[in-house]
Amino acid sequence: MEFCSIDPAARIGRNVSFGHGVRIHGNVEIGDDCRIGDFSVIGHPSIRKDSAPLILGAGANLRSHAVIYEGSTIGPGLETGHHVVIREGAEIGENLRLGNFSDIEGACRIGDFARMHSYAHVGRGAEIGDFVWLFSLTTLMNDPLPPSHLADPVSIGDMATVCVNAQIMPGARIGRGAMIAAGAVARGDIPAGVLISGAEGEVAGQVRFLMHMASRTRHPWHRHFTDAYPERARARIAALGAEIDAEAAALAQ
């Protein structure tokens, strides 16, 4: 704990390690077996004077320069890249992976096993389901008339995929298992299991018809990619995937 600043009011579990220059504020609870990387700030004060404590679940692995504000509840197994920010009021489930230079703004709700690659921006108030993928440079917006005090956060259903550099406009409601193609702009209500492409956000077809021709690998991803998750999650993936397949097939009729 060389050159660390740890408030004695902080509640810290067993077997927690701290890198160089870490600062731990007092309004935090850190679970067992966490690793806090160099120059990270845990429990950064919120502008709200009555903010609840930051609860950081067991087994977190925070790489250098992570900043997590007080007032959030984060489930076990959080893993971050470098230079990430999680603002106050977030409720985050199990095993979120958050890539380098990504940020989650306040009052977001994120389910279990979400994956966000580098430079992802999650606007305030967003709701993100279980097993969602946000790839690099995706932006989830919330202001329908910027700059303003208006707010219309987005929601993304379970097992949806948002590809590289996609833009999710304020108020978008992305159905379960949908895919937003690279560079696409998504707006409005998007049905389960569809592919959205282009600047106009047009429905380009059903995700279930996508195939990588060289390998003959088909979407949806739960048919070929469950080995990327812990064993305990795979039954959930199979059950949820079957529900989404049925929902998407019914909507396509």
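**Strands and their partners**

Modeller: In this predicted model, strand β10 (residues 67-69) and strand β13 (residues 85-86) run parallel and are joined by two bridges.

Biologist: What makes β10 and β13 a pair?

Modeller: A pair needs at least two bridges. Two bridges join β10 to β13, so the pair qualifies. Ile-68 has Ile-86 in β13 as its bridge partner.

Biologist: Which sheet has β10 and β13 in its order?

Modeller: An open sheet of ten strands, with parallel pairing, in the order β1-β4-β7-β10-β13-β16-β19-β22-β25-β28.

Biologist: Why are β1 and β28 said to stand at the edges?

Modeller: β1 (5-6) and β28 (185-186) each have a single partner strand, so one side of each has no neighbour in the sheet.

Biologist: How do you know that β30 and β31 pair, and in which sense?

Modeller: The cut-off is at least two bridges. β30 and β31 have four bridges, so they pair, and the sense is antiparallel. Leu-195 has Gly-205 in β31 as its bridge partner. In the hairpin of these strands, four residues lie between β30 and β31, and Gly-198 takes a positive phi near 80 degrees.

Biologist: Which residue stands opposite Leu-195 in the pairing of β30 with β27?

Modeller: Met-179 stands opposite Leu-195. β27 and β30 pair in the parallel sense over two bridges.

**Helix α1**

Biologist: Which residues of α1 are buried, and why are they said to be on the same side?

Modeller: The buried residues are Ala-233, Ile-237, Leu-240, Gly-241, Ile-244 and Ala-248. They are on the same side of α1 because they cover an arc of only 120 degrees around the axis. An α-helix has 3.6 residues a turn, so residues three or four places apart point the same way.

Biologist: Which strand do the buried residues of α1 pack against?

Modeller: They pack against β31 (202-206).

Biologist: Why is Asn-95 called buried?

Modeller: Buried means under 20% relative accessible area. Asn-95 has 9%, so Asn-95 is buried. Asn-95 lies in the loop between β14 (91-92) and β15 (97-98). Not counting residues up to four places away in sequence, Asn-95 touches Pro-76, Gly-77, Phe-113, Ala-114, Arg-115 and Pro-230.

**Salt bridges**

Biologist: What makes Arg-14 and Asp-32 a salt bridge?

Modeller: The cut-off is 4 Å between the side-chain nitrogen and the carboxyl oxygen. The closest N and O atoms of Arg-14 and Asp-32 are 3.0 Å apart, so the pair counts. The pair links distant parts of the chain, 18 residues apart: Arg-14 is in the loop between β2 (11-12) and β3 (17-18), and Asp-32 is in the loop between β5 (28-30) and β6 (35-36).

Biologist: Are Arg-14 and Asp-32 exposed or partly exposed?

Modeller: Exposed means over 50%. Arg-14, with a relative accessible area of 64%, is therefore exposed. Asp-32, with 23%, is partly exposed.

Biologist: What makes Arg-236 and Asp-130 a link between parts of the chain?

Modeller: Arg-236 forms a salt bridge with Asp-130, with 3.1 Å between the closest N and O atoms. Arg-236 lies in helix α1 and Asp-130 in the loop between β20 (127-128) and β21 (133-134), so the pair ties together parts that are 106 residues apart in sequence. Salt bridges that share partners also join Arg-63, Glu-79 and Arg-97 into one network.

Biologist: How many salt bridges does a search of the whole structure find?

Modeller: The search finds 15.

**Nonpolar cores**

Biologist: Which residues have the most contacts inside the largest nonpolar core?

Modeller: Ile-104, Met-116 and Ile-180, in a core of 56 residues. β30 gives the most to this core, with three residues. A second, separate core of ten residues includes Phe-113, Trp-133, Ile-237 and Leu-240.

Definitions and conventions: Residues numbered from 1 in each chain as written. Predicted model: local features only at pLDDT ≥ 70, side-chain atom pairs only at ≥ 80, totals over all residues. Heavy atoms only, no water. Buried < 20%, exposed > 50% of the residue type's maximum accessible area, 1.4 Å probe, protein only. Arc of directions from axis to C-beta. Contact = heavy atoms within 4.5 Å. Core = buried A, V, L, I, M, F, W, Y, C linked by side-chain atoms within 4.5 Å.
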